[in-house]
Amino acid sequence: MLTDVLLYTLIGYLSGSVLYSLLYRKLFHTDDIRINSRDHNPGAANAFKNGGMACGLFTLAGDFLKAFLPVYLYIHFTAHSLWSIGAAFVIAAPVIGHIYPVFYDFKGGKGITATFGSLAALLPIWQPLALLAILFVFFSTVLRITPNYYRTLVTYAIFLPCIMTLQINIAVGTGAMLIAGVVLFRLLTSKETKDEFSMEPIWKR
């Protein structure tokens, strides 16, 4: 069981370390999407904004699947996988790889799409995925927070303690908390230029 955990944690981390927006650039000889962005993030948002629809879809699918597949394969092809606390590291590994990719001098993205990929692989355990999605939708529409940096920061800051209240498998909960902790650390140590924090409720628009 320990061997499986170590193997899939390594696979997940290496898979997460592939930055698909930069892979797209190399394959199709396009401009680096990070150059004209304020946060220099190689994620899906900048891929759509600076690289166009094709680059955005390629990046979105790649960043989602690179997290989804290692976790899904671990769950479905190892015995009693989610009953081991080590599964938490398998769940978090792709997100850690995306944020600190070994192939790009440990300088990656924020891990949002990869988070959704890892959590989607846990279905039918749906609570962490639904919670994160609801928080993002709430702070994007009902109580809109801008810029995206603060929206993500607030979302994960609330997601982390809320996970502790869910009646779910301990390995799944621990994995989700590890992900939230790493994403928050990445955001809080970021040196990107940030606009002023703004929170606008839907009824005041």
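**Close-up views of a predicted model**

View 1. Asp 63 counts as buried at 1% relative accessibility, where buried means under 20% relative accessible area, exposed over 50% and partly exposed in between, computed with a 1.4 Å probe on protein chains only. This is a predicted model, in which local features need pLDDT of at least 70 and side-chain atom pairs count only at pLDDT 80 or more, while totals for chains, interfaces and linings use all residues. Residues are numbered from 1 along each chain as its sequence is written, and side-chain values use heavy atoms, with hydrogens and water left out. The side chain of Asp 63 meets that of Lys 66 in a salt bridge at 3.3 Å, N to O, the term standing for a side-chain nitrogen of Lys or Arg within 4 Å of a carboxyl oxygen of Asp or Glu. The structure holds 1 salt bridge. Lys 66 is buried as well, with a relative accessible area of 2%. Because Asp 63 and Lys 66 are 3 residues apart in helix α4, about one helical turn separates them; helices are DSSP runs (H or I, at least four residues), numbered from the N terminus.

**View 2. The crossing of helices α4 and α6.** Helix α4 (residues 53–77) and helix α6 (residues 112–120) have axes that come within 7 Å and cross at roughly 35°, the axes being lines fitted to C-alpha atoms over the stretch in contact, with angles running from 0 to 180 degrees between N-to-C directions. The crossing of α4 and α6 is right-handed, that is, the near helix is turned clockwise from the far one by less than a right angle. Residues of α4 that meet α6 include Leu 60, Asp 63 and Phe 64, and among those on the α6 side are Thr 113, Phe 116 and Gly 117; contact means heavy atoms within 4.5 Å.

**View 3. The surroundings of Thr 59.** Thr 59, which lies in helix α4, is buried with a relative accessible area of 0%. Leaving aside residues up to four places away in sequence, Thr 59 touches Tyr 20, Ser 21, Pro 42, Gly 43, Ala 44 and Ala 47.

**View 4. Asn 148 in helix α8.** Asn 148 is placed in helix α8 (residues 148–163) and is partly exposed, with a relative accessible area of 45%. The C-alpha atoms of Asn 148 and Phe 197 are separated by 9.5 Å, the two residues being 49 residues apart along the chain.

Key. Helix = DSSP H or I, 4+ residues; strand = E, 2+ residues; numbered from the N terminus.
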